[in-house]
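This report covers the pockets and the nonpolar core. The structure comes first.

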Amino acid sequence: MLERAALLGSWQLWAGLSALFAAITSLLAKLGVEGISSNLATFLRTVVVLVLLAGVVLVGGDLRPWPELPRRSLIFLLFSGLATGVSWLCWFRALQLGPVSRVAPIDKLSVVLVAVLGVTLLGESLDPRQWIGVALMGVGAILLALR
């Protein structure tokens, strides 16, 4: 039982599942954006996400009154939500215009950007081996996106 609990508490498991579902999301979004505007597609997906997460929060008992939430968290989540919305609008438009096999790698350059920003803005650190990995991810994404 301890091993299962450790696995469920592992960031690596959840990051892997995130990658898996992001890949599935990409394929389904590419199919779903055909025949409708990319903005409407983004809106519809957002409604589905909102309903799903509302259910998870309610069932999990995580709902708290706004005044109890840390103001700093609310501010950063507000801006994160705005950035997510803009990202999704751009993502759906890119999917509408290009092949998912070339759009997704460019989108995943966010991994390179977040590594640089995490070090620069959050004071995180990467060793030389990790920087090589970041560089290889960047080069790989560009190679996949090129014709």
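## Second largest pocket

The lining of the second largest pocket divides into twelve nonpolar, six polar and two charged residues. Ala, Val, Leu, Ile, Met, Phe, Trp, Tyr, Cys and Pro count as nonpolar, Asp, Glu, Lys and Arg as charged, the others, Gly among them, as polar. The lining numbers 20 residues; Leu50, Leu53, Val57, Trp66 and Leu77 lie nearest the pocket centre. Helix 4 gives the most, with nine residues. The volume is about 710 Å³.

A pocket is an open set of points on a 1 Å grid over the protein atoms alone, where a 1.4 Å probe fits, with protein on both sides within 12 Å along at least five of seven lines; lining residues have an atom within 4 Å of a point.

## Basis

This is a predicted model: local features need pLDDT of at least 70, side-chain atom pairs pLDDT 80 or more, while totals for chains, interfaces and linings use all residues. Numbering runs from 1 along each chain as its sequence is written, and side-chain values use heavy atoms, without hydrogens and water.

## Largest pocket

The largest pocket holds about 1200 Å³ of space. Its lining has 36 residues, with Ser18, Ala22, Arg45, Trp88 and Lys108 nearest the centre. By class, 24 are nonpolar, eight polar and four charged.

## Nonpolar core

Nine residues form the largest nonpolar core, including Trp91, Phe92 and Leu95. Such a core joins buried nonpolar residues through side-chain atoms within 4.5 Å; buried means under 20% relative accessible area with a 1.4 Å probe, protein chains only.

Phe92 touches (heavy atoms within 4.5 Å) Ala29, Val33, Ser38, Ala41, Thr42 and Arg45, leaving aside residues up to four places away in sequence.

How values were computed:
Buried < 20%, exposed > 50% of the residue type's maximum accessible area, 1.4 Å probe, protein only. Points joined across faces, edges and corners; volume = space filled by probe spheres on them. Helix = DSSP H or I, 4+ residues; strand = E, 2+ residues; numbered from the N terminus.
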